[in-house]
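I was asked to look through a structure that was new to me and to keep a record of each point I looked up. The entries below are written in the order in which I took up the topics.

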Amino acid sequence: MSNRYLDARNLNCRPDRLEEACGVFGIYASGEEDLARLTYFGLYALQHRGQESAGMAVSDGSNVLVFKDMGLVPQVFNEKILSTLTGKIAIGHTRYSTTGSTHWENAQPIHKTYKHGTLALAHNGNLVNSAELRKMLTQNGNKFRSTSDSEIIAGLIANFSDENIEGGIKKTVKLLKGAYAVTVVTEEKLIGFRDSYGIRPLSLGKLGDNYVISSETCGFDIIGAEFLRDIEPGEMVIIDEKGLHSEKIVSKTQPSLCIFEFVYFARPDSYLYGKPLHNARNEMGRMLAKEHPADADLVIPVPDSGTSAAVGYAQSSGVPFGEGMIKNRYVGRTFIQPAQSIRQMGVKMKLNPLKEIIKGKRLVVVDDSIVRGTTSKQIVNMLKEAGAKEVHMRISSPPVGYPCFYGIDTAEKEELIASRMGVDETRDFINADSLGYLSLEGLVASSGKAQGMFCTACFDGVYPIKLSKTCKLNKEMLETPVNSK
Ligand code: AMP
């Protein structure tokens, strides 16, 4: 490893241009021969949370070995590699991709040596005070290999763990501001902890007598583990040879799960706040049909992100549901292509209309969100070129008007179409015959929880975690109201 990538970076509150929307996994499985394979499967299930790099760290009780590389999970690992990763505890990570920072050094798990051995850490989320913390650590003589805020967390834990790792984590979280769902492995322990707002998800499961931690419950299903419960905001779970222990590591908590996980990011077969996301999204579609009915012949989803909501829209409206576009499942999420020109190509690479089905029809097209507007515009034009008579775009979330600082790539404020245009203008921009967004109230109601249980900042600009002074955040831009409805 070299630190030649330690580049002059923008040390603001979005230090990594929000690359930290990731998937984390962990398993303590003493006596399990296939530990690395189980971790591999867990990461496979979390692949949608990050496609830039993948990695795992395995402890055999004496050593912690890390293997990570750029690429998708099956590109990074093969039989030979997995067979060398033997042990009793493992963590894994899939990392999100954006422009500018696709470096090996930013791949995770990140490892650090400390007084009692080695720790490896996998992080999902984004700190908003990383510049201050990095400065503090650098002044203390810490050297950084990566440009990621996750290395800051690992560095702090290593610095503070003179007594033991749990103590180090407790001291570290006192300094962290932002979103973090973290798994840590040492020679003897698997640890999972979550920030006091619980912005990014983290769940606990059981596989026989063994414990598993995963960003999403779909990571349990794939290995036959049972979902036990969510790890609470501000909770740390420690799993070692004595079993599972849990501790509250922050005094004040305020559950604020990212509502965009409900809308888009998490898989529909995962559970959040105990609710199956497919059901929540189906409910969003039903509400959307009530809020924005349309005279139409067919409801079609934008696959796969709009499918659950489109089913709900059709059920509630009585307009038949059908497939109108076929998705090439071997093309990744459109969003991950950084340049606008490539992103525009991305939609066509990914979706192909079924001409015979849509020709002459008045379509309701359901997608989960409009962020920049690129996807919807492309889709509407594609459907019209393929013979659709009318296209009524229905979105199962409100307009995204504010950037996310806690780990989801929702683009910069000025790139968000809702920050520049109202609904009518957006409708004209995407060339739809009508456009309807689900209200924030409708979205929250579909989750079955109160609005106070969520971070809804991308929709209403209310940020639960105060942004640090060094954030290069244009306050004026934030105060501009979103043009909704
Ligand atoms: P846009 O073209 O920028 O309006 O992007 C909206 C499309 O991207 C929708 O089809 C969403 O399903 C998808 N999307 C929304 N947010 C994200 C995200 N954070 N990462 C990847 N894809 C996203």
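**Entry 1. The model.** I noted at the outset that this is a predicted model.

I began with R49 and E261, whose side chains form a salt bridge with an N to O distance of 2.8 Å. R49 sits in the loop between α1 (35-45) and β2 (53-59), while E261 belongs to helix α8 (residues 259-265), so this pair ties together parts that lie 212 residues apart in sequence. Is R49 buried or exposed? I found R49 at 0% relative accessibility, so R49 counts as buried. For E261 the relative accessibility is also 0%, and E261 is therefore buried.

I next asked which residue E261 meets in the salt bridge of 3.1 Å. The partner is R200, with 3.1 Å between the closest N and O atoms. This pair, too, links distant parts of the chain: E261 is in helix α8 and R200 in the loop between β8 (190-194) and β9 (203-207), 61 residues apart. R200 has 0% relative accessibility and is classed as buried. I recorded that salt bridges with shared partners join R49, R200, E216 and E261 into one network.

I then turned to K170 and E247, whose side chains meet in a salt bridge at 2.7 Å, N to O. K170 lies in helix α6 (residues 165-175) and E247 in strand β13 (residues 243-248); the pair links distant parts of the chain, 77 residues apart.

**Entry 2. The ligand.** I looked up which residues surround the ligand. There are 16 residues around the ligand, and those that come nearest are Y96, Y264, D367, D368 and T375. By residue type, the shell consists of seven nonpolar, five polar and four charged residues.

- In the side chain of Y264, an N or O atom is 2.7 Å from a nitrogen atom of the ligand.
- For S305, a polar side-chain atom lies 3.2 Å from an oxygen atom of the ligand.
- For D367, a polar side-chain atom lies 2.6 Å from an oxygen atom of the ligand.

How much of the ligand area does the protein bury? Taken alone, the ligand exposes 490 Å², and the protein buries 96% of that. I also noted which elements give two or more residues to the shell around the ligand: α8 and α13 (374-385).

**Entry 3. A surface patch.** I looked up a nonpolar patch on the surface and found F41, Y44 and I222 in it, with about 260 Å² of accessible area together. Of these residues I followed up F41, which is placed in helix α1. F41 is partly exposed, its relative accessible area being 33%.

**Entry 4. A serine contact.** I looked up S439 and found this residue in the loop between β22 (434-437) and α16 (440-447). S439 has a relative accessible area of 10%, so S439 is buried. What does the side chain of S439 reach at 2.9 Å? I recorded the backbone nitrogen of G442 at that distance.

**Entry 5. Backbone details.** I checked the backbone for cis peptide bonds. The bond from Q108 to P109 is cis, with omega near 5 degrees; P109 is in the loop between β4 (89-95) and β5 (110-114). The bond from P303 to D304 is also cis, with omega near -10 degrees, and D304 is in the loop between β17 (298-301) and α10 (307-317).

I then looked up positive phi values in residues other than glycine. Y273 has phi near 50 degrees and is placed in the loop between β15 (271-272) and β16 (275-276). N431 has phi near 70 degrees and lies in the loop between α15 (423-430) and β22. With a relative accessible area of 35%, N431 is partly exposed.

Notes: Residues numbered from 1 in each chain as written. Predicted model: local features only at pLDDT ≥ 70, side-chain atom pairs only at ≥ 80, totals over all residues. Heavy atoms only, no water. Salt bridge = Lys/Arg side-chain N within 4 Å of Asp/Glu carboxyl O. Helix = DSSP H or I, 4+ residues; strand = E, 2+ residues; numbered from the N terminus. Buried < 20%, exposed > 50% of the residue type's maximum accessible area, 1.4 Å probe, protein only. Near = heavy atom within 4 Å. Polar contact = N/O pair within 3.5 Å; in protein donor to acceptor, adjacent residues only side chain to side chain. Areas by Shrake-Rupley, 256 points an atom, 1.4 Å probe, with all protein chains shown as cover. Nonpolar A, V, L, I, M, F, W, Y, C, P; charged D, E, K, R; others polar. Patch = residues over 30% accessible without salt bridge, like charges linked within 9 Å, V, L, I, M, F, W, Y side chains within 5 Å.
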